[in-house]
Amino acid sequence: MDVLTKEQRHKNMSHIKSKNTAIEIKLRKALWHKGYRYRKNFKELPGSPDIVLTKYHIVIFCDGEFFHGKDWEILREHLKNSNNSQFWISKIARNIDRDDEVNKKLGAMGWTVLRFWGEDIKKNLNECVHVVEETIFDNMLEEDY
């Protein structure tokens, strides 16, 4: 495994985008193709969701595995042996807490929150779209009663 210098790592990390990532674009295109219209990076809601289906009161976040702590117990153990471990453990733990806080705020406001891992979007796009469609259907049923 190649070890990056501090400057190389800084350059790499500075190029990581928070908006219009490849996974967001992939999911958005699939939803658009199915006829679903949305808002993107909707600042009026907590957490500025990546995709907002306002008509159905659904917000979607496309989360990267590293920064949002997928398999956190395993990742945290791995990070303990890395460079700047305390920084990364603290940062990712705070991201996990923030995600949870945002989910609760949005839920209290009546929004349905969906979160997809980046790898799931890349490898199982149709399944992700299916989950969105099932949620739309469920929300529409709830409104009828």
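**Close-up views of a predicted model**

**Overview. The protein has six helices and four strands.** The model is predicted. Along the sequence, the elements follow the pattern α-α-β-β-β-α-α-β-α-α. The protein has 145 residues, and 32% of them count as buried.

**View 1. Four strands form an open sheet.** The strand order is β1-β2-β3-β4. Pairing in the sheet is mixed. Which strands stand at the edges? They are β1 (39-40) and β4 (112-117). Each has a single partner strand, so one side of each is left without a neighbour in the sheet. Helix α2 (residues 22-33) packs on this sheet. Helix α2 touches β1, β2, β3 and β4. The direction of α2 makes about 145 degrees with that of β3.

**View 2. Strands β2 and β3 form a hairpin.** Strand β2 covers residues 51-53, and strand β3 covers residues 58-63. The two run antiparallel and are joined by three bridges. Two facing pairs can be picked out here. V52 has V59 in β3 as its bridge partner. Four residues lie between the two strands.

**View 3. H57 sits in the turn of the hairpin.** This residue lies in the loop between β2 and β3. What is its phi? The phi of H57 is near 60 degrees, a positive value in a residue other than glycine. Is H57 buried or partly exposed? H57 has a relative accessible area of 33%. The limits are under 20% for buried and over 50% for exposed, so a value in between counts as partly exposed. H57 is therefore partly exposed.

**View 4. Strand β3 is covered on both faces.** I58, I60 and C62 lie on one side. V59, F61 and D63 lie on the other. All of these residues are buried. That makes six of the six residues of β3, so the strand is largely enclosed by the rest of the structure.

**View 5. Strands β3 and β4 pair in the parallel sense.** Six bridges link β3 and β4. V59 stands opposite V113 in β4. V59 is also the bridge partner of V52. Helix α4 lies across β3 and β4. Helix α4 runs at about 150 degrees to β4.

**View 6. D71 lies in the loop between β3 and α3.** What is the phi of D71? The value is near 50 degrees. It is positive, and D71 is a residue other than glycine.

**View 7. Helices α3 and α4 pack together.** Two packed helices are described by the angle between their axes and the distance between the axes. Helix α3 spans residues 72-79, and helix α4 spans residues 85-108. Their angle is about 160 degrees, and their axes are 9 Å apart. An angle over 145 degrees counts as roughly antiparallel, so α3 is roughly antiparallel to α4. The crossing of the two helices is right-handed.

**View 8. Residues of α3 meet residues of α4.** From α3 come W72, L75, R76 and L79. From α4 come S85, W88, I89, I92, A93 and I96. How do the residues of this contact divide? Eight are nonpolar, one is polar and one is charged.

How values were computed: Residues are numbered from 1 along each chain as its sequence is written. This is a predicted model: local features need pLDDT of at least 70, side-chain atom pairs count only at pLDDT 80 or more; totals for chains, interfaces and linings use all residues. Side-chain values use heavy atoms; hydrogens and water are left out. Axes are lines fitted to C-alpha atoms, for helices over the stretch in contact, and angles run from 0 to 180 degrees between N-to-C directions. Angles under 35 degrees count as roughly parallel, over 145 as roughly antiparallel, 65 to 115 as roughly perpendicular and the rest as oblique. A crossing is left-handed if the near helix is turned anticlockwise from the far one by less than a right angle, and right-handed if clockwise. Contact means heavy atoms within 4.5 Å. Ala, Val, Leu, Ile, Met, Phe, Trp, Tyr, Cys and Pro count as nonpolar, Asp, Glu, Lys and Arg as charged, and the others, Gly among them, as polar. Two strands pair if DSSP finds at least two bridges between them. Buried means under 20% relative accessible area, exposed over 50%, partly exposed in between (1.4 Å probe, protein chains only).
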